[in-house]
Amino acid sequence: MPAGATPPASPRASSVKPKRGRGIGERTVPYLLILPALVAVLVLLGWPTLQLLGISFRKLDLRELVTGKTVWVGFDNYKQTLSDPAFWEITVRTLVFTAAVVLATLIVGLFVALLMRHLGPVVRVVLQVTLVLAWATPVIATTTVFQWMFDQQYGILNKTLDRLGFHGFIGFSWFSTGTSTLTVIGLLILWQGVPFVAFTLYAGLIGVSKEQYEAAGIDGASAWQTFWAVSWPAIRPIMTMVSFLSVLWDFKVFAQVWAIRQGGPDGGSTTLPISLYLKGIASSHFGASAAIATLMLIMLTLITARYVQLLVRSKEADLS
Amino acid sequence: MKRWLKLAAGAAAVTLATAGCAGSGGTDAGAAPSAAPSDGTLTVWLMTGSAPDTLTGALNTEFESAHPGVKVKYEVQQWNGIQQKLTTALAGDDAPDVIEIGNTQTPAFASQGVLADLSGSVNDLNGAQWLAGLKASGEFDGKTYGVPFYAANREVLYRKDMFEQAGIAAPPTSDAEWIADIAKLKAKFGSDPDFQPLYLPGQYWYSLLSFIWDNGGDVAKADGKSFKSTLDSAGAKAGLEFYKQLVDASGTTAPKDNDEANPAQAGIYGGGKVAMFIGAPYEVATAAKTDPSLTAKTGAFPIPSKTAGQTAPVFLGGSNLAIPVNSKDQALAKDYLKLLSGAKYQTQLAAAGYVPGTSTDVSALDSDPLASVMAKASKNGRAVPASPKWGDVESGQNPLKDMLTAYLTGKKSLDQATSDANAALDKLIG
C-alpha cells in the first residue's frame, strides 16, 4: 500500500476539548441556532399531530364542521374502529402488502446497484438514465400507463402473452380479485421505488476501494464471499436507512392504490390509507378517520421503533 | 440533549408519514350563520358542462341590472373532487351563495343541515312545475333544500345506416326485439372481429338500474328513516340476468371490470365499429370529434322494456341548486334562483339539450331528434335511494359495480353476487 493512502486522522482525535469557564451566552448559542428549526418542526408537525389526536376524540361530521360545534365522544371512534372486523382484515392486508413490497424493492434495488458496479461505463450510464426517468415520471402518469398495460381488452400485456402462446390470457382480468389487483399495484410501487434504493446503495458500493476487492480476490474468495465480506459491511447502514424509508413510504401509499381500482374489487385491495380516505373524505366522518390515522401512527411507530432506537444510540450516525 | 433531539427527529419523521393524510380540524369558533352583513357580491358556483355560457352570461347581466350595486361572482367548478371542495367551502367563512349539487349528493348535504331551508320559497321558484324525479332528491325530513336545476337520462344511441343495412326497419320496442336486432347486426357485420352490435362495459351500473326497475326490482327500499337494500330480490336478479344476456348476445369486447367512463365509451363509438351504446345525447358530440359524420348517422330510441310497447324506467341524472346556510346573502341568492327557475332561462336550458328542472315545457327539446327521445323517457325517470349516505356509494366503493364484474366474469354465481352486494350496500346505507 502506498504511504499516501493512510487515512486522515479522525476528527474526534484532533478536536480541542472545550475550555472551562466560558460564558453562558456562548454555551446557549448552539441551542439558539437550532431553535428556528425546532419551532418549524413543532408548528408544522407537532401541532397537526395534536389536532389529529384531538379530532380523533370528537364526532366531526359535515354538520359539526360547518356549524363549528365541538362534540367530544371520548374513545367512541376508537372503539368503533377496533371492533370492526373489516379494520383488522385491512390492517393485516396492509402489513403483508408493505412487507412484500419493501422486501421486493430492497432485493431488486440491491441487485441493480451491484449490476451498476460491474457494468461498463456506457451501459451503466444508459441504465442510470433509465432509472432516473422511471423515478422522475409523475406517480399518476405511471399509474395510468400501468392501467393501460394491464387492461383486460386493450392491454399490451394480455396481447403479448397471447402472442407468446398463452391464449388463456385473452380478455384476462387482472383486477378481478384483490390479490391480483394488489400484485399489480405492488409492481407499480416497486417500479417507482427501485431507482432510489438502487442509487443509494450504489453510492455506498462505490465508497469501497478497489483494493479491498483485489485483496479478497488474492485470498481466493468467491463472488458470494466477496459480497458478504467486502460489499455488505459497506452498505449495511445504508440498507437499514432505505428499508426504514421504504417502510414509511409503502405503508402510507395512497395515490397508486386509489387510482388503480379505488381499493376494489369488493374492497379487496383496500389498505389503511384507502379506508382512511373512505371514512374521512368520501363519507365526511372526520373524527373516525382521525382515529384510523392515529392508529396508523402508532403502528408505524412500533414498526420503526428499532430504527429510532438505533438512531438514538448511535454516536456518529453509524447505523448497523 | 442530543439524544433527545434525535429521538424527536425520528418521531417527527414518523409523524410526517401519517399526519399528511389526516386533514385539518376546522374552526372551533361557533360562527353564527347569516349574521354577517352582505358584501355586495353574490358568489355562484355552477358545474362545468351544465348551463351554457350564453345562458349564464345573460342571467348574470339581468340579475346585476335588477340589483344595483350587486356583483355576481360566477365560477365554474369541476365535477372531479367537488364533494371535498364543497365540504371545505361550506365550512369556511366565505361560503358561496348559490351552489349546484349533483342530485345523488344532495341528500347527504341536506341531512347534515348545511343547506338553507327553502320550504317557504317553493312557490316563488315555480314549484308547481318541478321535475318529480329531482324534487325528491332535494327534500329531506319533509323540508326542501334543493331546487331542481336540470336532468339528463340515458337512451340507446344507434347507427341508422347500420340498422338499415342489417335490414332492421324500426328501432326495437321490447327486450326480445332488442336481442333479435343484436343478432341481425352480428350476422351482417360479424365478419369484422372488431365489430360490436352493442358496446356495454361491465360496470355500467346506471344501465343496470334501468333493467332492475324494468323487472320490478329496486336497489333499496325505505324502512322508516333508514334503508334496506333489495339487490337480492327477484326483480334485481332478473335485471342482472338481462344485463348478462345483452353482454353475451353482443359479444362486446368492452372491459368487464370497468365502467363507461374508462375508457370513455363515446370514444369507442367514434371508432365506427359499434352499432349501439347506451348513453346521453351529449356523448354523440364527443364521438363526432373523431368522426364528424356520426352526428347525421346517429339516431336514438328509449331503453326498451321487457313489456312490448313500453319503455324501461331510466336513472335521472342531474343537478339541484341550493343555498348554503353560511351564505351571507341568502335573500339575494333566493332572488337569483327565482330568476333562473323562470320560464325564460328554463327554455334556454331545454334548448341546450337538458330536461329543465323547474319547467314542464320541453318543446325546445323536440327540435333535436336525440334530445326529444330523452325528454320522453325522462317522464319515466327514477332516482337512486334518497339516503343521506348514498354519496358514500358513489364517492367510495360501489357494490353494484363489484356485483356486475363478479357476475359477468363468472367469478360468482348470480345468488352469491347479489347477496354479497346486498350485504355490502346495507353496510353503506343501511
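Chain B is divided into domain 1 (41-152 + 316-382) and domain 2 (155-315 + 397-429), with bounds that come from an automatic or database domain assignment. The model is predicted: local features need pLDDT of at least 70, side-chain atom pairs count only at pLDDT 80 or more, and totals for chains, interfaces and linings use all residues. Residues are numbered from 1 along each chain as its sequence is written, while chains are lettered from A and ligands numbered from 1 in the order in which they are written.

The C-alpha centres of domain 1 of chain B and domain 2 of chain B lie 29 Å apart. Where they meet, 14 residues of domain 1 of chain B are in contact with 14 residues of domain 2 of chain B; a contact requires C-beta atoms, placed from the backbone, within 7 Å. On the side of domain 1 of chain B that touches domain 2 of chain B, α16 (369-378) and β16 (381-382) of chain B each supply at least two residues. The largest share of that side, seven residues, comes from α16(B). Helices (H or I, at least four residues) and strands (E, at least two) are DSSP runs, numbered from the N terminus.

The interior can be considered next. A nonpolar core is a set of buried Ala, Val, Leu, Ile, Met, Phe, Trp, Tyr and Cys residues joined through C-beta atoms within 7 Å. A residue is buried if 20 or more other C-beta atoms lie within 10 Å of its own, exposed if 12 or fewer, and partly exposed in between, with C-beta atoms placed from the backbone. The largest nonpolar core has 161 residues, and those with the most contacts inside it are Val98(B), Leu208(B) and Tyr336(B). Helix α14 (residues 286-303) of chain A gives the most to this core, with 10 residues. Domain 1 and domain 2 of chain B both give residues to this core, so it lies between them. Not counting residues up to four places away in sequence, Val98(B) touches residues including Trp45(B), Leu321(B) and Tyr336(B). A second, separate core of 12 residues includes Val197(A) and Met239(A).

Two helices show how burial is arranged. The expected span of a helix is 1.5 Å times one less than its number of residues. For the 15 residues of helix α7 (residues 175-189) of chain B this gives 21 Å, which agrees with the 21 Å between its end C-alpha atoms. The buried residues of α7(B) are Asp175(B), Trp178(B), Asp181(B), Ile182(B) and Leu185(B). They cover an arc of only 115 degrees around the axis, which puts them on the same side of α7(B); the arc is that of the directions from the helix axis to the C-beta atoms. The face turned away from this buried side carries the exposed residues Ala176(B) and Ala187(B). In chain A, helix α5 (residues 85-118) has 34 residues and reaches 50 Å from its first C-alpha to its last, close to the 50 Å expected. Its buried residues include Ile90(A), Phe97(A) and Met116(A).

Some backbone details complete the account. Most residues other than glycine have a negative phi, and most peptide bonds are trans. The peptide bond from Asn262(B) to Pro263(B), however, is cis, with omega near -5 degrees. Asp266(A) has a positive phi of about 55 degrees although it is not a glycine. Because Asp266(A) has 23 C-beta neighbours inside 10 Å, it counts as buried.

Definitions and conventions:
Contact = placed C-beta atoms within 7 Å.
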